[in-house]
Amino acid sequence: MESSKVIHAIYTDDDVLMAAVKDVRVAKYHIDEVFTPFPVHGLDKAMGLAPTRLAITAFIYGCIGITFAAAMMNFIMIEDWPQDIGGKPSFSYLENLPAFVPIMFELTVFFAAHLMVLTFYLRSRIYPFKDAENPDPRTTDDHFLMEISVGNHNEEEITEFLKNTGAVEINLVDKAH
Amino acid sequence: MYTLSNKLRTFSFALIILGFIGVVYGFMSSHKSLDEVKTMLAEDAAHHEVKEHDDSQAIHITEAHDTHAEASKHAEESHGEAAHAEGEDAHHGDAHAEHVQHQIANRPWSALYVAAFFFMMIALGALAFYAIQIAAQAGWSPLLFRIMEGVTAYLLPGAIIVLLIAVASGTIGHYNIFVWMDPEVVADDKLIQGKSSWLNIGWFAFRGLIYIAGWCTYRHFSRKFSLAQDLADDNSNFKKNFRISAAFLVFFIYSESIMSWDWIMSVDPHWYSTLFGWYVFASMFVSGITVIALITIYLKSKGMLPSVNDSHIHDLAKFMFGLSVFWTYLWFSQFMLLWYSNIPEEVTYFITRIEDYNLPFFGMVVLNFLFPLLILMNSDYKRIPWFVVMAGVVILFGHYMDIFNMIMPSTVGEQWFIGIPEISSILLFAGLFIFVVFTAISKAPLVPKRNPLIKESEHFHY
């Protein structure tokens, strides 16, 4: 496999980083990644990332949860063995519905929450014993790092450009694929 | 500065006049003599019988040229026979007719009361929301304070009207809303007798005046400080407003709770529920916020509020969404606890509602919960004005039905209908509400000038 070159530009302030991201986008260089120690408000918009669809998946999981709860209790309480328990009407699902609502609610929340978290882990590839993908340990503390692929551009040109955006440190890195 | 347009003034006056005519008609047409009620009941019974007649009679009736006349004649005959046969039955029939007569007479009173309470409750809910925004020092909402102050301007006339209708129903009316005001009823009723130290007209009216005085005093001073802050050169008015808002919220939660026992729960003096105050509060809170959102969207569409952006609308819509769910939570908690334990003395409240008010009772859950839940869940939809307006109109109608379901089953029972008395009462108070609120909004600049949080509010972005 051929190796590709990337440039790591390191910043020490999130406002400078935001301005730099905007400049880089205007200059049409490709930002591979940005590593920050904390969420920087508006960074995703500045980078032009597509909005997350996690909330939509959560809604679908919730619908699955409420269906599961209703089907489960309909089978157990109404169809399989409709006993008279304390005079509660078990002739149809609707008649005994109020008693099922707390479980329907909880299972909706349970499915929506847990499956959404699992989806998040899957999509972000987070799991125990995963090797950290951190290019520079300082980015977990107080530094911000922007990774730009060199591609067909001139290395020195990019370096000069990034210096002007306020980067405190610029490293050329060979990334083996 | 906003100026009340002539169009809006004419519109509100038209609503008031139209509503007033309908209300007068409602009162005129609700005085039925006992004989009229009996004929009505007999006709109803006849219609009912026709449906359940066996085949031969049904054929006989369809063969006749004038089926309707035949059927009612038949019913009258059978009724007459029954009355001759058993004197007891006839007496019972009279008692039943008197009961229905009273219910019919109650209808315009209750229709007026429900509508008056509904609009009063919007102003009160908005006042609570306003006080919370000030006490919480919310950074997004100061831009909307003048609109909230406008909505709460209706509280003083609105609350006085509600109290007047309540007291008048027991003094000039014939105990048309509150059955505990009727000395004849109380004389035979041990349960009400036990509560009569709380439920008597004098003490009821006095309590009502205390709530109104408390709410309106706060409203008066808060508005005054809010306007004074515009011209001041320090923040002392802002601080005063913060203090009285915090104090008002304490008074409010007590007075609102007691008000809901007095003005609503006591239409059913045999029934009680501990979370009723919260339930009514949820209803008024969500209606108040919805009206604030609707007026904000209206004024923005007229170009009066250039600094209000879609994030403000988004926040109001989030409150509408969240509090609709909160209302449902309380509605369901109250319903399920009584349904589950099924204690006869408590559960009759819901049995009458489910049997006689099935569609309004369950329909309002769809309007107040399912519809806002599905419409306002999406973050993008909450920023689209016409979506918020649509959801708001449904929420307001749903909460009118909520108050309707609280009052009507105890006063008019099975004789309910949403007809001329109900709709005209809504029109009457809607016209009054629009006139009072927009007049109040036109009396001060729409954007507070020196509020310490106004800059943040103008740049609010979500």
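This report walks through chain A and then some aromatic rings and a helix of chain B.

## About the model

This is a predicted model, in which local features need pLDDT of at least 70, side-chain atom pairs count only at pLDDT 80 or more, and totals for chains, interfaces and linings use all residues. Residues are numbered from 1 along each chain as its sequence is written, chains are lettered from A and ligands numbered from 1 in the order in which they are written, and side-chain values use heavy atoms, leaving out hydrogens and water.

## Chain A

Let's start with the overall layout. Chain A contains five helices and four strands (DSSP runs numbered from the N terminus: helices are H or I with at least four residues, strands are E with at least two). Read from the N terminus, their order is β-α-β-α-α-α-β-α-β.

The C-alpha atoms of chain A fill a box of roughly 80 × 35 × 30 Å along the principal axes. Of its 177 residues, 29% count as buried (under 20% relative accessible area; exposed is over 50%, and partly exposed lies in between, with a 1.4 Å probe and protein chains only).

## Aromatic pairs in chain B

A pair of aromatic rings is described by the distance of the centres and the angle of the planes. Here, rings of Phe, Tyr and Trp (its six-membered ring) pair if their centres lie within 6.5 Å; planes under 30 degrees apart are stacked, over 60 edge-to-face, and the rest tilted. By this rule there are 54 aromatic pairs over all chains. One of them joins Phe129(B) and Phe285(B) edge-to-face, at 5.9 Å centre to centre with 65° between the planes. Phe129(B) is in helix H5 (residues 87-135) and Phe285(B) in helix H12 (residues 276-301), 156 residues apart. Phe129(B) is buried, at 0% relative accessible area, and Phe285(B) is buried too, at 7%.

Tyr130(B) and Phe145(B) have ring centres 5.3 Å apart and planes at 80°, so this pair is edge-to-face. Because Tyr130(B) lies in H5 and Phe145(B) in helix H6 (residues 145-152), the pair ties together parts 15 residues apart in sequence.

## A charge over a ring, and a helix

Arg207(B) lies over the face of Trp203(B), 5.1 Å from the ring centre. For such a charge, NZ of Lys or CZ of Arg must be within 6 Å of the ring centre and within 35 degrees of the ring normal.

Which residues of H1(B) are buried? They include Leu8(B), Ser12(B), Leu15(B) and Ile16(B). An α-helix has 3.6 residues a turn, so residues three or four places apart point the same way.
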